[in-house]
Amino acid sequence: METKQLVTFVTLAKVKSYQRASELLNYAPSTLAKQIRVLEEELSVKLTERRGTRIELTEDGKKFLHHAEHMLKEYEEL
């Protein structure tokens, strides 16, 4: 798991849009989607679900969001 993936996930969780998150992070939407997919594979859970044009977190995604934010905070403090 890379810090970049955590930032990507947290951003996506907050804006609930692949397009908007990719604009904020300056990534192609396909790059952002790949980072999320790799993170899901590493964790062996589905983190997001598409609801029309919006993204919603799964229950596992909601749980992981708390941990991801905590890990990023710890990383910044180092």
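Me: Where is Ser44?
Reply: Ser44 sits in the loop between α3 and β1. This is a predicted model, by the way.

Me: What about its backbone, what is the phi of Ser44?
Reply: The phi of Ser44 is positive, about 60°, although Ser44 is not a glycine. Most residues other than glycine have a negative phi.

Me: Is Ser44 buried or exposed?
Reply: Exposed. Ser44 has 63% relative accessibility, and the cut-off for exposed is over 50%.

Me: Which loop holds Asn26?
Reply: The loop between α2 and α3. Asn26 also has a positive phi of about 60°, and it is not a glycine.

Me: And is Asn26 buried or exposed?
Reply: Asn26 counts as exposed because its relative accessible area is 70%.

Me: Let's zoom out. How many helices and strands in the protein?
Reply: Four helices and two strands. In sequence order the pattern reads α-α-α-β-β-α.

Me: What radius of gyration does the protein have?
Reply: The protein has 12 Å. For 78 residues, a compact globule would come out near 12 Å, so the value agrees.

Me: What does the C-alpha trace span along the principal axes?
Reply: About 40 × 25 × 20 Å.

Me: How much of the protein is buried?
Reply: 36% of the 78 residues count as buried.

Me: What share of the contacts comes from residues 24 or more positions apart?
Reply: 51%, counted over contacts with a separation of 6 or more.

Me: Back to helices. Which residues of α2 are buried?
Reply: Tyr18, Ala21, Ser22 and Leu25. They cover an arc of only 100° around the axis, so they fall on the same side of α2.

Me: Why would residues three or four places apart point the same way?
Reply: An α-helix has 3.6 residues a turn, so residues at that spacing point the same way.

Me: What do the buried residues of α2 pack against?
Reply: They pack against α1 (3–15), α3 (29–43), β1 (48–51) and β2 (54–57).

Me: Take Ser22. Where is it, and is it buried or exposed?
Reply: Ser22 lies in helix α2, residues 18–25. It counts as buried because its relative accessibility is 3%.

Me: Which residues does Ser22 touch, skipping those up to four places away in sequence?
Reply: Tyr27, Ala28, Pro29 and Leu32.

Me: How far apart are the C-alpha atoms of Ser22 and His66?
Reply: 21 Å. Along the chain, Ser22 and His66 are 44 residues apart.

Me: Switching to α4. Where does Phe64 fall?
Reply: Phe64 is in helix α4, which covers residues 59–77. Its relative accessibility is 10%, so Phe64 counts as buried.

Me: What does Phe64 touch, not counting residues up to four places away in sequence?
Reply: Met1, Leu6, Phe9, Leu39, Leu43, Leu47 and Met71.

Me: Leu43 is on that list. What separates the C-alpha atoms of Phe64 and Leu43?
Reply: The separation is 9.5 Å. The two residues are 21 residues apart along the chain.

Me: Last one, Glu42. Which helix is it in?
Reply: Glu42 is in helix α3. It counts as partly exposed, with a relative accessible area of 42%.

Me: Which contacts does Glu42 make beyond four places in sequence?
Reply: Glu42 touches Met1 and Gln5. Met1 also turns up among the contacts of Phe64.

Me: And how far in space is Glu42 from Glu74?
Reply: 21 Å, C-alpha to C-alpha. In sequence, Glu42 and Glu74 are 32 residues apart.

Terms used. Residues are numbered from 1 along each chain as its sequence is written. This is a predicted model: local features need pLDDT of at least 70, side-chain atom pairs count only at pLDDT 80 or more; totals for chains, interfaces and linings use all residues. Side-chain values use heavy atoms; hydrogens and water are left out. The radius of gyration is taken over C-alpha atoms; the globule rule is 2.2 Å times the number of residues to the power 0.38. Buried means under 20% relative accessible area, exposed over 50%, partly exposed in between (1.4 Å probe, protein chains only). Contact means heavy atoms within 4.5 Å. The arc is that of the directions from the helix axis to the C-beta atoms.
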